[in-house]
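Biologist: Please put the model up, and I will ask about it piece by piece.

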Amino acid sequence: FIDSGLHQKVDTLLKEYLSQRRTDKGTFAANGFPRSSTSHSFAGISERHEPQYPVSAAMKNALHRRSFLLRDQQQAWQESVEGEKMLEFRKGLPAYKEKDSLLTAISENQVVVVSGETGCGKTTQLPQYILESEIVAARGAGCSIICTQPRRISAMAVSERVAAERGEKLGESVGYKVRLEGIRGKDTRLLFCTTGILLRRLLVDRNLKGVTHVIVDEIHERGMNEDFLLIVLKELLPRRPELRLILMSATLNAELFSSYFGGAPMIHIPGFTYPVRTHFLENILETTGYRLTPGNQIDDYGQDKLWKMQKQSMKKKKSQIASVVEDTLQAADFRGYSVWTRDSLSCWNPDSIGWDDINALKDKLQANFLLGDPRRVLLLACHGSMASSEQRLIFDKPEDGVRKIVLATNMAETSITINDVVFVVDCGKAKETSYDALNNTPCLLPSWVSKAAARQRRGRAGRVQSGECYHLYPKCVYEAFADYQLPELLRTPLQSLCLQIKSLQFGSISEFLSMALQSPEVLSVDNAVEYLKVIGALDDKENLTALGRYLAILPMEPKLGKMLIFGAIFKCVDPILTVVAGLSVRDPFLMPFDKKDNAKLNLSHIMHEQENVLKFLAPFQLAESAKLQFSRQGYSDHIALIRAYNGWKDIENEKSRYEYCHTNFLSAQTLKAIDSLRKQFFFQLKGTGLIDEDQTTSNAWSHDEHLIRAVTCAGLYPGVCSVVNKKKYVSLKTLEDVNAGEQKIPYPWLVFNEKVKVNSVFLRDSTAISDSLALLFGGNVSRGELNGHLKMFGGYLEFFMNPSLAETYLRLKGELDELIQEK
Ligand code: CDP
Ligand code: MG
């Protein structure tokens, strides 16, 4: 069984698919990627509307006519009453004064770096200046401007704004494209998209054919995608001398980027903002009646000591951030202005900042009427995982006399502009993914932001009138902040990135990454390559395998992509789509807030026999028991998720769905998000050509929980731990202890989605599996390794003692053989 294992068969099959598609359709890009219409349209921006080169005379004429039409349209709008008003507004922005020098620099240089304070008009104006100048020069129909944004919400919000400024609807000359959503039309010349979308387009169109300008926005954030894109573009520029690249940054570290591109010219847009008064914690404490111990100057304290002291003084009152916010607002002589707070809860609950915290703070503020008459308060949350329609609410103007309060994470730090913010409350922290290369563990820890980020946060006030900023930390802590945040490339696992490098055919991964602005550690790169080899995406020589090629075109983590591909091949697409969508969104099982730390273990399925747990009627246990209903005998968070989702999906009307969610401690919102993501993943999977329209075939074995367990294992491996006793899991590779609490373990192995270091190491989203499943679906490990790790005899024995499992496996092998022959 091991020698002709399922993995090799799957790889053979995928190769067959690839080669068949190549000969059938002849639509493969030079690098061997499928270019069917479906895969291409999700891969990025359609090429349909761009001029084909060389351009025929007839086409030239058509383009010309179109260009004049665009010019007339633009002129008509600018001469209308509304258009004139808009133009006036635009002329008032600081960027306008630099318009000519910007355009000249762009026409004379291939790369230009532009910096300027948030709100000066970089994102909305600069791409428009380029578009307008092309239109005025009657080249408008031939130009194609792509402006990348690090986040979906900014791509959408900005495109909407720019279309409005041009008196158009979205999808005319301005459009947007983010993962799985987008509006653009045949006349779209300026496209706002996420950086990821442009990278995906580069997969199938390495030279960015037809694109005239690429604008990379918010480069100061140093996101991984942006850093990656810069390497790719640097390599591309010599091949496309007419292509223009503009880098935009909110802060003044333009030199770094300029020197990366051989001394590209820098243009700074001087901004105007109203003065913002800055208060640090010591000032806030004084105005709110808290006193520091007399005789102790704040500067005498080390950070830790100071924090303890603040916490204690807060505890004496209400110990909740809500009270701090309340006091702060009162101290600020709160007169009905809007207030912007962000991550506020985090400083008092240093373990987490995020969606939960924001929601909890929101509830608290609402429940306690801390902000006065609720009818006069518009309290909004803003978080990256919210639906985009909800996120957009933060831009709305409240009615007269109503205060708008926005609770936001650092996603709103630079890229979105809410004009009416007057107060900013800044906790000084952000949840930052980091990567512990030594232990090969991703960490999600709240940490202090950088000075640059604190400045950005402060800058959100004072846009329409003078404002105030409350930093909930002392000045001496601020002084100790780093100037800039560590680039993401240096603090995240690099697996997806390595896959992309390979699929863009950039040769050696480590050589490619050595060209980055700042290169990641050798160990991080090695770990990522090793991982890709273990899951079978790269072969021994670091070349993409058939599986790797498919993984590169699926826009999700490699492990989730692999799960989906296995789900397609083993004909259990529906439940696996649920798992993959669930892992991409978040857990729909709600946990009472105060017990969240316990809930992080997320190993509830293992507790299913401990009925005595249910004796306690605390909310936590109620929620747990609700989840237990779903995981009963499944021993799997993933199977519990599938059952919960299916139960919800089967209900027809909204009201009963609501009741179902309520009694089962499920989040209706999350289930809806999972539902919509599932659909989109389905189309993407279809785009790979691995499944066809007929959903009955692709779901022939969806009811088989053995199989679901197996496919989950195939995807999550090598995320597998051995259970050594009641208290510990040991991971195969490092023999590291993983905290599992006092749970009883029914199977010898657990595959898990995430091993996260919060304070100790936690496993998230796990499925218990038997020896034989680990052995057969576990992946590309060598026989020797398997021998070392698995209790072989026990595995075989269990396999033969479990006829239904053996049956499933034999059936799979048989079906695969048939499929391969068919192909
Ligand atoms: O990119 P940058 O931070 O330099 O500024 P921007 O996003 O281009 O915004 C320029 C100005 O446009 C802002 O100061 C706002 O006054 C206005 N704006 C708006 O009213 N509504 C939006 N959705 C975006 C911008
Ligand atoms: Mg901007």
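Biologist: Which residues come nearest to ligand 1?

Modeller: This is a predicted model, where local features need pLDDT of at least 70 and side-chain atom pairs count only at pLDDT 80 or more, while totals for chains, interfaces and linings use all residues. Residues are numbered from 1 along each chain as its sequence is written, and chains are lettered from A and ligands numbered from 1 in the order in which they are written. A residue is near a molecule if its C-beta atom, placed from the backbone, lies within 6 Å of it. There are 15 residues around ligand 1, and those that come nearest are Gly119, Lys122, Thr123, Thr124 and Arg161.

Biologist: Which helix gives the most to the shell around ligand 1?

Modeller: Helices (H or I, at least four residues) and strands (E, at least two) are DSSP runs, numbered from the N terminus. Helix H7 (122-136) and H8 each supply at least two residues of this shell. With four residues, the helix that gives the most is H7.

Biologist: How many residues of the shell around ligand 1 are charged?

Modeller: Ala, Val, Leu, Ile, Met, Phe, Trp, Tyr, Cys and Pro count as nonpolar, Asp, Glu, Lys and Arg as charged, and the others, Gly among them, as polar. On that scheme the shell has four nonpolar and nine polar residues, and the charged ones number two.

Biologist: Which strands lie at the edges of the open sheet of eight strands?

Modeller: Two strands pair if DSSP finds at least two bridges between them. The order is E4-E3-E5-E2-E6-E7-E1-E8, with mixed pairing. The strands that pair on one side only are E4 (181-183) and E8 (266-269).

Biologist: By what angle are neighbouring strands of this sheet turned against each other on average?

Modeller: Axes are lines fitted to C-alpha atoms, for helices over the stretch in contact, and angles run from 0 to 180 degrees between N-to-C directions. For this average the direction is ignored, and the value is 20°.

Biologist: Which strands of the sheet does helix H8 touch?

Modeller: Two residues are in contact if their C-beta atoms, placed from the backbone, lie within 7 Å. H8 covers residues 152-165, and its direction makes about 170° with that of E3. The strands touched are E2, E3 (174-178) and E5 (190-194).

Biologist: Which residue of E6 is the bridge partner of Cys147?

Modeller: Strand E2 (residues 145-149) and strand E6 (residues 213-216) pair in the parallel sense over four bridges. In E6, the partner of Cys147 is Ile215.

Biologist: Is strand E1 covered on both faces or on one?

Modeller: A residue is buried if 20 or more other C-beta atoms lie within 10 Å of its own, exposed if 12 or fewer, and partly exposed in between, with C-beta atoms placed from the backbone. In E1 (residues 111-116), six of six residues are buried. Val111, Val113 and Ser115 lie on one side, and Val112, Val114 and Gly116 on the other, so by the burial cut-off the covered faces of E1 are both.

Biologist: Which residue in E8 stands opposite Val113?

Modeller: E1 pairs in the parallel sense with E7 (residues 244-249) over five bridges, and there Ser115 has Ser249 as its bridge partner. E1 also pairs with E8, in the parallel sense over four bridges. In E8, the residue opposite Val113 is Met266.

Biologist: Why does Gly185 count as partly exposed?

Modeller: Gly185 is found in the loop between E4 and E5. Beyond its neighbours within four places in sequence, Gly185 is in contact with Gly171, Glu172 and Gly175. The C-alpha atoms of Gly185 and Glu172 are separated by 5.8 Å, although the two are 13 residues apart along the chain. Gly185 counts as partly exposed because its C-beta neighbours inside 10 Å number 13.

Biologist: What is the handedness of the crossing of H9 and H10?

Modeller: A crossing is left-handed if the near helix is turned anticlockwise from the far one by less than a right angle, and right-handed if clockwise. The axes of H9 (residues 195-204) and H10 (residues 224-236) come within 9 Å and cross at roughly 35°. This crossing is left-handed.

Biologist: At roughly what angle do the axes of H23 and H31 cross?

Modeller: The contact includes Met563 and Phe566 in H23 (residues 558-569) and Val711 and Leu716 in H31 (residues 705-716). The crossing is right-handed. The axes come within 7 Å, and the angle is roughly 145°.
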